[in-house]
Amino acid sequence: MSQQFILELKGVNRVYKDEQNETIALSDVNLQIKKGEFVSIIGSSGCGKTTLLRLIAGLDYPQSGEIKLNGEPILGPDPKRGYVFQNGGLFEWLTVEKNIAAGLKARHVYAEKKHLISPLIKIMGLQGFEKVYPHQISGGMAQRVAIARSLINEPEVLLLDEPMGALDNFTRADLQDHILSIRKETDATMILVTHDVDEALYLSDRIVIMTPRPGKISEIIDVKMPHPRKRNGVDYLELRKKILEKFHLASELPQPEYNI
């Protein structure tokens, strides 16, 4: 693998089978991601976006093809690949601070790494909420805690599985700006699965468009606008229109819905 790429997928295929059916979730997916990039994956429901993210996380395995991080095959879950779920998945019995620290304690490195907690709390705008529990904070704040909990392990790649999907527009925009702050502070490599073209356009260096099942990469679009981006800017709106047109072409054949 070229040293410029931190993550590489070659010829990745994922098929789900039961006694009666065979579903091709992903077919011949090839993708290379550079260190520090923000890449969004968009496509219609059931196109394999989350399946692809789970393969990168090591939570699932392809039938064929290879996925490598820094030239090493991904063989299972690892703190080097942080994963943020759509619902956050916080531990309800732990405070905000203890949720963030959970990964350090699980890896038995709390004493050496606990100094990382306070800076993350500051970056995510969670000051003053360290001692409260998940049910006492908003959905957007809970997602910030979930992101901080993944970042505390200093992952080489942060995987975001629609973490803003259930939030209202104002909360979503706020969380997007917090994610951009994280990028500025940490230069983290991030991969986001989203249904929201505007979200992908606002955050990403590149946008990967997936076809309906079987999931393939239809096109990869470079987003060359500097941050911060103006959502009503001429360049922004022109590229938004282009992406929507491409997405329509990628989705023009009607497909059955599946939950994978």
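**Close-up views of a predicted model**

**Figure 1. Strands β1 and β2 run antiparallel and are joined by nine bridges.** The model shown here and in the other views is predicted. Strand β1 covers residues 5-17, and strand β2 covers residues 22-34. The link from β1 to β2 is a hairpin of four residues.

Figure 2. Leucine 7 lies opposite leucine 69 of β4. Strand β1 is mostly covered, with ten of its 13 residues buried.

**Figure 3. Strand β8 pairs with β3 and with β7.** Both pairings are parallel. Strand β3 (residues 38-42) is joined to β8 by four bridges, and phenylalanine 38 stands opposite methionine 190 in β8. Strand β7 (residues 157-161) is joined to β8 by five bridges, and leucine 160 stands opposite leucine 192 in β8. The path between β7 and β8 includes helix α6, residues 169-186. Together, β7, α6 and β8 form a β-α-β unit that is right-handed.

**Figure 4. Both faces of strand β8 are covered.** In a regular strand, side chains alternate between the two faces of the sheet. In β8, Thr189, Ile191 and Val193 are on one side, while Met190 and Leu192 are on the other. Are these residues buried or exposed? The residues on both sides are buried. In total, five of the five residues in this strand (189-193) are buried.

**Figure 5. The model has two aromatic pairs.** Tyrosine 83 and phenylalanine 85 form a tilted pair, with 4.6 Å from centre to centre and 45° between the planes. Tyrosine 83 counts as buried because its relative accessibility is 12%, and buried means under 20%. Phenylalanine 85 has a relative accessible area of 36%, so this residue is partly exposed. Phenylalanine 91 and tryptophan 93 form a pair that is also tilted, with 5.3 Å from centre to centre and 40° between the planes. Phenylalanine 91 is at 30% relative accessibility and therefore counts as partly exposed. Tryptophan 93 is exposed because its relative accessible area is 62%, and exposed means over 50%.

**Figure 6. Charged side-chain ends sit over tyrosine rings.** What lies over the ring of tyrosine 110? The charged end of lysine 105 sits there, 5.0 Å from the ring centre. Over the ring of tyrosine 202 sits the charged end of arginine 231, at 3.6 Å from the ring centre.

**Figure 7. The largest pocket holds about 440 Å³ of space.** Its lining has 18 residues, and those closest to the pocket centre are Arg81, Gly82, Tyr83, Ser150 and Asn153. Which elements give two or more residues to the lining? They are strand β6 (81-84), helix α2 (96-106) and helix α5 (139-151).

Definitions and conventions
Residues are numbered from 1 along each chain as its sequence is written. This is a predicted model: local features need pLDDT of at least 70, side-chain atom pairs count only at pLDDT 80 or more; totals for chains, interfaces and linings use all residues. Side-chain values use heavy atoms; hydrogens and water are left out. Buried means under 20% relative accessible area, exposed over 50%, partly exposed in between (1.4 Å probe, protein chains only). Two strands pair if DSSP finds at least two bridges between them. A crossover is right-handed if, with the strands pointing away from the viewer, the path from the first strand over the helix to the second runs clockwise. Rings of Phe, Tyr and Trp (its six-membered ring) pair if their centres lie within 6.5 Å; planes under 30 degrees apart count as stacked, over 60 as edge-to-face and the rest as tilted. A charge sits over a ring if NZ of Lys or CZ of Arg is within 6 Å of the ring centre and within 35 degrees of the ring normal. On a 1 Å grid over the protein atoms alone, a cavity is a set of points where a 1.4 Å probe fits but cannot get out, and a pocket is an open set with protein on both sides within 12 Å along at least five of seven lines; lining residues have an atom within 4 Å of a point. Grid points are joined across faces, edges and corners, and a volume is the space filled by probe spheres set on the points.
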